[in-house]
Amino acid sequence: MALNFPREYQWDLHANEKLPVWLDLRPFVRRGWNALSIELQARKPRAALVAWGELTLKDGSVVALGTGRNWLAEPVPKGTTQFEWTRPEVRLRGWRNAEERNPAGRTMMRVAPDAAFARPFAAPMLSRPSGGSGPGDWVLHFDHHAGEAEAFLRILANGPYRAWLNDHPIQPESRANLGLAEGGWQVRWEGRRPLAVKPTLMDPDDLSGGWGGDRFADPRHGDPTADALKSEENQANRTRERPTANRQGQLLYDQYGEKKEKGRESDPKGFLEEPVRRTPLNVARDRSVEQFSAFGVGRLLVRGRNELRIRMVDDAGDRYGKTRPSKLAVDGWKRTSGVWENYTGGEMWKRTEPWGSEGPVESGMRIQELSAAVPAMKFLGHAGRPTQRRLVAPLLLVVVFLGTGLLLRWRRNSRLSRWIERDSWIPPVLLLTLVILGFHAVKAANLERSELLFFRSANWPVLALLAAGLMAWLTVWAMKRPQKSGPRSIRWERPAVILILVLVAALRAWKMDYQPIDDDEFASIQAVVAISETGVPEIGQGIWYTRSPLYHYAAGLMAWIFGPHLWVLRGFSVLAGVITGWVLWAMARTIFKDPGIAIGALLLYAVHPFLIFSSHIARFYQQQQLFLLLGIWAFIRGFVDADGGDRWRLGSLAAFTAAILTQEISVTMAPVILVVFVLFGRRTHWRSDLKLIIASCVAGLAVFIDVFAFQVKCLTRGVGVSPNVEATISPTFWELGNLVSMAIGYSRLHVVLSLFVLISLVAAVRSKKRPVLALQVFVLGGIIACNFLITSVSFRYQYTLIALWILLGVHGIAVTSSWLTRRVQLNRPEVMGRLTSASCIIIVLISWSPWRIAGSYDEKILGDPITPLRYVAAMERQGDKIMITEPHPHAAKMEVGHADYDLVVPLLHDFTYRDQHGVLRDRNGDAEVVNHLGRLQDVFARGDRVWILLNREKFRSRGKNLRWEYPGAREELFIRRNCELVFRSHLWSLYLWDPAAGRYHGFRQEPGGWVD
């Protein structure tokens, strides 16, 4: 359940402690000392772990592996390099014993059958010699005395296969490589240094067992790692140029003189990456695909006779015979009455034709124990779909409807029959049905969240029925209450609005100083502080940050009045968020004339996780959303409504201009505004149009000055082509899938609400209400404009439209409630409408998992560079240097007082400039740029102590393995080998290079210099 979500989630962890992970450690255990090493990365302090397991040795003794006080634990490795502590030969001295914590009654859920890992593998090995009689199946028949049960199947094979149980394919919903999922390709991409990879060495003991040997378990045939392979000479002069040559033709090793055709020597080290056409490996020779997999098959079992069929797949048209025979071992277990029973051990396998049922019986050779060469077993998931629980809720609905009809037929003159004839039973049954359907909608929305574990429980249909029954009873009780006169909604509207606005402020302001400052947030804070101190956003000598001037000057005014404190800087966004909530409520009251829609939209706005984040940081997002909503509201009042005046028209222009000055990308709404004006704009007097034209000229001049200042003062002199892809205004058609991102949202957050948005669109088209249609065009047109006019677009550029999306969704809920109420002829339709709307709002809220918000305030949502920087400020000596990854040099400058080196791989020229000495420096922190391994080694050779802060999220390496396909992998490996890891925080690592430590490992040093 360790899922990766975007930083914008104002949510807590995803229940990693509820779903344990099972691992087969057998292939990795060696005779002698072994080290079981685990690295935890958590967003909360005091990370905890519970592990249990055991090893069963050949002599029958059992070694327990469960966690306890005998485990050693440290925040960072002590006394070793970064990953030496994972080696069994290293003795950890000075490490403290782990602390035991009370689990506080936490319960775990079991998805993978534990017996698949705990039960010994005992199965006959079925073998078919190479060059046999063609394709065929292995078939096993066995009896099962019950229906669906808990069962699993383990398959060990040295080639691709397919399996069926009762004619259903054993194919779980998994991305793992199953059966025929892999094969040879005609065109294959060559990776780096393919010749540097030595061939696989095999031990005779492993070969005799039938499984390829890529590991050695105490070999007895000499040293298997010794080889007589000729090492390729790593020459500095790979082109064999002759410096003394006096002719141009002699400078190239291309054989010009004697041969007419030009050639060149191929790169011996494989530096050239290019597609190479080659014969597929599965055609040239057999390449065994060894797999040891487990599948859950309980859903495929049936009562009585069951058939298990497995087919080994041979490559057709082999030019060479198979080097080894196809081998297969199958072991299956099922649990009946709490006892695990093997259903494949006592039966005989039949060798049949494809899809045949009769053939010779073969028992095979039983495997006594698994060798270390057999790969680790992986549980790939459950095959089939649940056949019992998924029909419970629909069957209950059928029983309710049919049961009431049968009772009416049997007892015509009873009180129940008279109650049914009055149609008063329809509202409670309708609400009961709506609640049960809501549970299924929430389940669909939670497919990417840990709340899905609730729906894996067998009791959730019963809980859904109880909730639906409670709602039905509440409906009956509410309809029996006497009706009170007077507009109750008006009486309660203002107190409700005030309470929800207080909730908006509380959710956005609570513990706002706990979250670390984001890299983009550092840039804004740096500009705001500069404005409060000097009046201009000068972040360096002659360097201005002129983007989003309206936000930075407004926040700078707040910082000048109250001081540049983090509560002040982020509190400005909180204030903008509260005002945005009020604008959303006022817009809903103006357009829809319904207080229920306005209050419902304000409530959903208050608890939306993305919107909490956007007004929780010192950035322009919330102010941009505020002005955009003001502009749309004023535009509808001034250009669409019949009673709109000039002040609304000019106000909409001012609000849209303010949105552009807050974030220049807001200009993408210009074509949408034009479309809405053409479709729904009303005719006005020429004097009003003249005022608007003059005001538009003034607004255009302000936008021009903003763009001109950005181009002149903010952009530095270009020194090359930047590989950085920043979001800019330009036509783009590459990411069409983002057109539906608003309808889905991260982790399907908007799935349930989007159903009501669609209903709102249909109702607006049918009713032909101009303000509602104009709002629909604004939202849908804004989504289209963001995706077609913003390069490098992502969902966060559509955040300004989320509030309007919520408003349309609540309107769809109101339309649904009104439609259902009109279809039911009742004396109290308003009760039915309120309960239906409330049920739909609650369903949407539950689909958002709002209970996570409270726990998220104690977790680091973003990466945390602040804590390691404060550690450096407390521990640094005079003359120490600081190196930090891009784009955080300004963070080091603000927190520690100086930033000396900017580690950026690859080089991003957008954030650099050359000083008067020609040195490449970072714009924000004035730090010297280190952009390749040679520069890094040169910094180490200067003799200074260097504190190095690495963002593990930027470097794409959060664990032990390095991702060599990403830039910066060699630089990070060099730092890991030579520097001491002294501190870690969420997604950040702090290293110390100390020349006095006397440890230095060159990455790939050659005569005459460093190779980068």
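A salt bridge is a side-chain nitrogen of Lys or Arg within 4 Å of a carboxyl oxygen of Asp or Glu. By that criterion, the side chains of Arg-309 and Glu-307 meet in a salt bridge, at 3.5 Å from N to O. The structure is a predicted model, in which local features need pLDDT of at least 70 and side-chain atom pairs count only at pLDDT 80 or more, while totals for chains, interfaces and linings use all residues. Residues are numbered from 1 along each chain as its sequence is written, and side-chain values use heavy atoms, with hydrogens and water left out.

**Salt bridges**

- The structure holds 31 salt bridges.
- In the pair of Arg-309 and Glu-307, Arg-309 is buried (under 20% relative accessible area; exposed is over 50%, partly exposed in between; 1.4 Å probe, protein chains only), with a relative accessible area of 3%.
- Elsewhere, salt bridges that share partners join Arg-110, Asp-114, Glu-150 and Arg-335 into one network.
- Arg-26 forms a salt bridge with Asp-24, and the closest N and O atoms are 3.0 Å apart.
- Asp-24 is buried, its relative accessible area being 16%.

**A bridge between strands**

- Arg-154 and Asp-331 join their side chains in a salt bridge of 2.5 Å, N to O.
- Arg-154 belongs to strand E7 (residues 150–157) and Asp-331 to strand E14 (residues 326–336), so this pair ties together parts that are 177 residues apart in sequence.
- Strands (E, at least two residues) and helices (H or I, at least four) are DSSP runs, numbered from the N terminus.
- Arg-154 is buried at 2% relative accessibility, and Asp-331 is buried at 0%.

**Helix H11**

- Helix H11 spans residues 549–562, and its 14 residues reach 20 Å from the first C-alpha to the last.
- This reach is close to the expected 20 Å, a span defined as 1.5 Å times one less than the number of residues.
- The buried residues in H11 are Tyr-551, His-552, Ala-555, Gly-556 and Ala-559.
- Viewed down the axis of H11, these buried residues fall within an arc of 125 degrees, so they line one face of the helix; the arc is that of the directions from the helix axis to the C-beta atoms.
- Cover for the buried residues of H11 includes helices H10 (519–534), H12 (566–592), H15 (621–640) and H16 (646–662), where contact means heavy atoms within 4.5 Å.
- Just after H11, Gly-563 adopts a positive phi of about 100 degrees.
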